[in-house]
Amino acid sequence: MLSTIGDLGEFGLIERVTARFPGTDDVILGPGDDAAVIKAPDQRVVATTDMLIEGRHFRRDWSSPRDIGHKAVAQNIADVEAMGARPTALLIALGVPTDLPVEWADEFAAGVADECATAGGAVAGGDTVRSEVLTVSVTALGDLGGRVAVRRDGARPGDVVAVAGRLGLSAAGLALLQRGLEGPAACVSEHRRPRPPYAEGARAARLGATAMLDISDGLVQDLGHICAASGVAVDLDSAALVPLPELRAAAQVLAADPVELMLAGGEDHALAATFPADTELPEAWIRIGTVTLERTVAAGAAVTVDGRPSEAAGWRHFG
């Protein structure tokens, strides 16, 4: 009986895992050849890649293989959405220890397939290698459907700032897990399986969004990237940052400020965008601030809250 990846071997692993992934019309040629062939009706391809490394981005004692599969897909497709594109295909590379149980790969693949069914896109190929550290690398591709990509450098003074998705829950979930706690369950679940607002990126593009990005490292820090690219500043309205009840409950357990978790927390993979001031936003998008002409605080902070610099640091990968 084959019980570990080492027993199964590279090609056995590839055959076993890829058999679980359904195809879509976007994938002309999927796993099994030297490269995949993907349709590109727009003649442009949005491409992004991200890595998850055990001990840095996930822990197997905190997250199931299915959780990790869901998360790997979600955080990559959120970046495709942030460009205003529709996800079409994913390439997944796995670096795995030889003693990893075969059941882990089965469950991981099931999580990937389930999230693709929700988010869109199909696994078109990838790679497997032996590694002492369990590593997942995903490349996601998307189609713009004839629209211009929504970049970070288009925000203009007078634009409104809006978000789609849930802020702060994943950061609260991580803090709870670090304290050995499993609740409030909604926050822990959001950390294990983030829920990006799928299809809202393309909708924002159709509405005329001038700049957009995925919130992976914290709202304040990520909005700072739009400010730097666009040469503007952003002022957020704290009254518009209304914590969800489950976030309030987690903040009480953690003795934390729920609004600070919304400002600094990452990995919710919500979307933040700027829109012309007269844009009628759909229900999924909440106005939280304004793009200003100049940085009005002496410290030169790009993102302020109620006109004052925020201490929300966000996540820094090499900090």
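**Note on a predicted model**

1. Ser63 counts as buried because its relative accessibility is 9%, where buried means under 20% relative accessible area, exposed over 50% and partly exposed in between, with a 1.4 Å probe and protein chains only. Ser63 sits in the loop between strand E3 (46-53) and helix H3 (65-82); helices (H or I, at least four residues) and strands (E, at least two) are DSSP runs numbered from the N terminus. Leaving aside residues up to four places away in sequence, Ser63 touches Ile68 and Arg192, a contact being heavy atoms within 4.5 Å.

2. Please keep in mind that this is a predicted model, in which local features need pLDDT of at least 70 and side-chain atom pairs count only at pLDDT 80 or more, while totals for chains, interfaces and linings use all residues. Residues are numbered from 1 along each chain as its sequence is written, and side-chain values use heavy atoms, with hydrogens and water left out.

3. Asp25, in the loop between H2 and strand E1 (27-29), counts as exposed because its relative accessibility is 67%. Asp25 and Gly121 are 96 residues apart in sequence, yet their C-alpha atoms are 9.6 Å apart in space.

4. Helix H4 (residues 102-119) has 18 residues and reaches 26 Å from its first C-alpha to its last, close to the expected 26 Å, which is 1.5 Å times one less than its number of residues. H4 is mostly covered, with 13 of its 18 residues buried, and just after H4 Gly120 takes a positive phi of about 100°.

5. The largest nonpolar core has 39 residues, of which Leu219, Leu223, Val234, Leu236, Ile288 and Val303 touch the most other members; such a core is a set of buried Ala, Val, Leu, Ile, Met, Phe, Trp, Tyr and Cys residues joined through side-chain atoms within 4.5 Å. A second, separate core of 36 residues includes Phe108, Val123, Leu134 and Tyr198.

6. Helix H2 (10-18), strand E4 (86-96) and strand E5 (122-130) each supply at least two residues to the lining of the second largest pocket, and the largest share, 6 residues, comes from E5. On a 1 Å grid over the protein atoms alone, a pocket is an open set of points where a 1.4 Å probe fits, with protein on both sides within 12 Å along at least five of seven lines, and lining residues have an atom within 4 Å of a point.
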